[in-house]
Amino acid sequence: MSLEIRVETAAAERLYGVCDYYDAESLLTEDERRVLGRLRDFLDREAKPLLADYWERGEFPAQLARPLIDLDLMEPAELTVHGPARGIYQGFRIFELARTDASLATWYTAQAGLFRTAIRVGASEEQQREWMPRVIDFSLKGVFSLTEPESGSDIAGGLSTTARRDPGGNGDTWILNGAKRWIGGASTADVLAVFARDVADGQVKAFLVDREAAGVTLEKIHRKTSLRMMQNAHITLDGVRVPESMRLHNVNSFKDVAAMLKAMRSDVAWIATGIQAGAFEAALRYVRERQQFGRPLGSFQLVQEKLARMLGNLTASLSLVVRLTEQQAHGVYRDQDSALAKMQSCLAMRETVALARELAGGNGITLESDVARFHADAEAVYSYEGTHEINALIVGRALTGESAFAR
Ligand SMILES: Cc1cc2nc3c(=O)[nH]c(=O)nc-3n(C[C@H](O)[C@H](O)[C@H](O)COP(=O)(O)OP(=O)(O)OC[C@H]3O[C@@H](n4cnc5c(N)ncnc54)[C@H](O)[C@@H]3O)c2cc1C
């Protein structure tokens with residue numbers, strides 16, 4: 001009972017209320033809070049009513065795409081007068097999206113995180129000048145095509161899509177052959193950032209491939225049980241011709257790809273934290289309303305223990321990602337830092353969503369309660385952009401100096 005009273009007092013004054021127990025949002029400026037508040041209003045009003053239905057149909061609610069883009073969230077004009085939007089704002093933007101729905105967060109992050117990072121890290125200065133403004137306003141939509149049907153965790157050594165300079169040309173055209181799997185958002189992208197191994201030097205290079213180019217085939221991955229709204233594609237590349245001008249000039253080995261993954265994993269840690277917030281809030285609502293034995297579920301000791309455990313997971317994850325984001329802003333940021341955050345926030349997320357589902361009893365497996373959606377979607381987030389084991393191995397290597405990936 002006392003928990004409920006405290007929650008309502010705090011929640012009335014702050015954007016994130018009890019979900020942000022240690023008040024990390026105090027690090028945001030008023031302008032940043034206002035932009036995030038606009039996003040919150042949009043999600044509550046326009047997105048939430050659609051989620052259960054579209055999740056069940058396995059379709060993305062396309063009508064949300066344009067209005068979400070028009071909210072100008074990536075580099076909002078009002079936050080960029082003196083330079084790029086701050087990392088803490090970018091993190092809370094992901095948190096807010098994921099707190100509503102993991103597919104929406106993944107869809108947005110495919111452009112704002114994965115593709116933007118591919119351009120930021122991989123493109124030359126000249127290419128960035130041309131492309132980056134269009135990435136930010138979504139007029140050039142792209143996706144990150146790394147994983148292959150036969151290579152996921154071992155993609156660094158296993159990547160088998162090939163790039164070969166056209167032997168008949170003057171060296172300014174490449175020919176790509178191979179396949180990519182799980183590529184999120186590919187069906188609505190303009191270009192696919194494809195990673196392929198140069199047959200001449202054996203190194204990994206990256207290319208922006210027109211989605212409609214001859215030789216590109218996209219198939220939707222059906223029958224997913226997680227992130228059902230987000231569309232993932234199996235892509236086949238059969239003799240696809242790409243001009244040298246569309247090669248990302250700063251990607252010359254897998255090390256450059258690893259630099260991208262390092263940046264992107266912290267985004268996923270924010271997604272995992274946002275999912276926990278959404279599941280926790282839904283469970284808290286439920287146990288306040290649902291009565292058993294003539295009393296609200298929230299009044300039982302064992303239920304309160306679960307709420308406290310969920311809040312502990314969420315607060316620890318939020319503290320972790322906030323600190324990681326601060327480190328990133330100061331340029332103190334290593335592979336193992338984002339790997340640890342992705343690993344730990346996802347472990348916590350798995351427990352939090354399972355407890356939320358448990359607290360909602362039988363109703364916790366129907367889409368009528370939000371917890372079912374968060375519970376199912378968490379599984380994909382747990383595995384993408386580096387599984388638990390791979391991130392643990394990155395941390396383990398840093399701790400011991402021994403690489404244990406292939407033992
Ligand atoms: C919804 C979704 C969206 C995705 N979006 C994209 C995208 O946009 N772009 C993209 O390129 N990829 C994307 N991926 C791919 C994702 O990054 C891979 O699924 C992930 O890297 C794991 O690869 P895998 O699925 O092939 O699993 P595998 O590599 O086959 O691993 C299976 C299991 O074996 C374990 N394992 C593997 N190697 C070891 C080892 N050495 N030691 C211990 N355990 C090990 C793994 O941890 C895992 O538990 C997406 C995946 C999903 C599910």
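Visitor: Is Trp-182 buried, exposed or partly exposed?

Guide: A residue is buried if 20 or more other C-beta atoms, placed from the backbone, lie within 10 Å of its own, exposed if 12 or fewer, and partly exposed in between. Trp-182 has 19 other C-beta atoms within 10 Å, so Trp-182 is partly exposed. Keep in mind that this is a predicted model, where local features need pLDDT of at least 70, side-chain atom pairs count only at pLDDT 80 or more, and totals for chains, interfaces and linings use all residues. Residues are numbered from 1 along each chain as its sequence is written.

Visitor: Where does Trp-182 lie, and what about its phi?

Guide: Helices (H or I, at least four residues) and strands (E, at least two) are DSSP runs, numbered from the N terminus. Trp-182 lies in strand E3, residues 173–184. Its phi is positive, about 80 degrees, although Trp-182 is not a glycine. Glu-385 also isn't a glycine, and has a positive phi of about 55 degrees. You'll find Glu-385 in the loop between H12 and helix H13 (388–400), and with 23 C-beta neighbours inside 10 Å, it counts as buried.

Visitor: How do I read a pair of helices, say H9 and H12?

Guide: Two packed helices are described by the angle between their axes and the distance between the axes. Axes here are lines fitted to C-alpha atoms, for helices over the stretch in contact, with angles from 0 to 180 degrees between N-to-C directions. Helix H9 (residues 254–289) and helix H12 (residues 370–383) have axes that come within 9 Å and cross at roughly 160 degrees.

Visitor: Which residues make the contact?

Guide: Two residues are in contact if their C-beta atoms, placed from the backbone, lie within 7 Å. Among those involved are Val-268, Ile-271 and Ala-272 of H9, and Val-371, Phe-374 and Ala-378 of H12.

Visitor: What can I learn from Lys-48?

Guide: Lys-48 lies in the loop between helix H2 (30–47) and helix H3 (51–57). Lys-48 and Thr-100 are 52 residues apart in sequence and 7.2 Å apart in space, C-alpha to C-alpha. Not counting residues up to four places away in sequence, Lys-48 touches Leu-43 and Thr-100. Lys-48 is partly exposed, with 13 other C-beta atoms within 10 Å.
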